[in-house]
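Please open the structure in a viewer with secondary structure displayed. The stops below go from the sheet elements to a pocket and its lining.

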Amino acid sequence: MLPRQALPFTADALTAAVDEDLARSDMAIHLVGSRYGARPEDDERSIPHLQLDLAAARAAGSGLVQLIWIPEGLEPSDDEQRTLVADLQEADIGSNVEVVRA
């Protein structure tokens, strides 16, 4: 299970760490919650949003399987998370990506 350590808090270092973990992975599982989350320095996206984007890019190019779980009845607590959840539900996501509502 990755990551095995705390993630860096700058966008470049975070991106490098997540990319390294994704390169060693066959599947990325994202548990979507009600809050948007903390932002790394130098990026507008939250850490979970950045992880979603990096995994999606790898899924499109390398065969990584991406599973995005959104709990049924999720009530996002802020506008940014509401937008992210709506985008995930409405997006034409690639064949290696599954969005599950349960």
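Helices (H or I, at least four residues) and strands (E, at least two) are DSSP runs, numbered from the N terminus. The model is predicted, so local features need pLDDT of at least 70 and side-chain atom pairs count only at pLDDT 80 or more, while totals for chains, interfaces and linings use all residues. Residues are numbered from 1 along each chain as its sequence is written, and side-chain values use heavy atoms, with hydrogens and water left out.

Select β1 (27–31). Five residues of β1 make up the largest share of the lining of the largest pocket. A pocket is an open set of points on a 1 Å grid over the protein atoms alone, where a 1.4 Å probe fits, with protein on both sides within 12 Å along at least five of seven lines; lining residues have an atom within 4 Å of a point.

Next, select L2, P3, I29, H30 and Q51, which lie nearest the centre of this pocket among its 25 lining residues. Besides β1, the elements giving two or more residues to the lining are α1 (11–23), α2 (47–62) and α3 (79–90).

Now show the three strands, which form an open parallel sheet in the order β1-β2-β3; strands pair if DSSP finds at least two bridges between them. β1 and β3 (97–101) are at the edges with a single partner strand each, so one side of each has no neighbour in the sheet.

Finally, select β2 (residues 65–70), which pairs with β3 over five bridges in the parallel sense. The bridge partner of I70 is R101 in β3.
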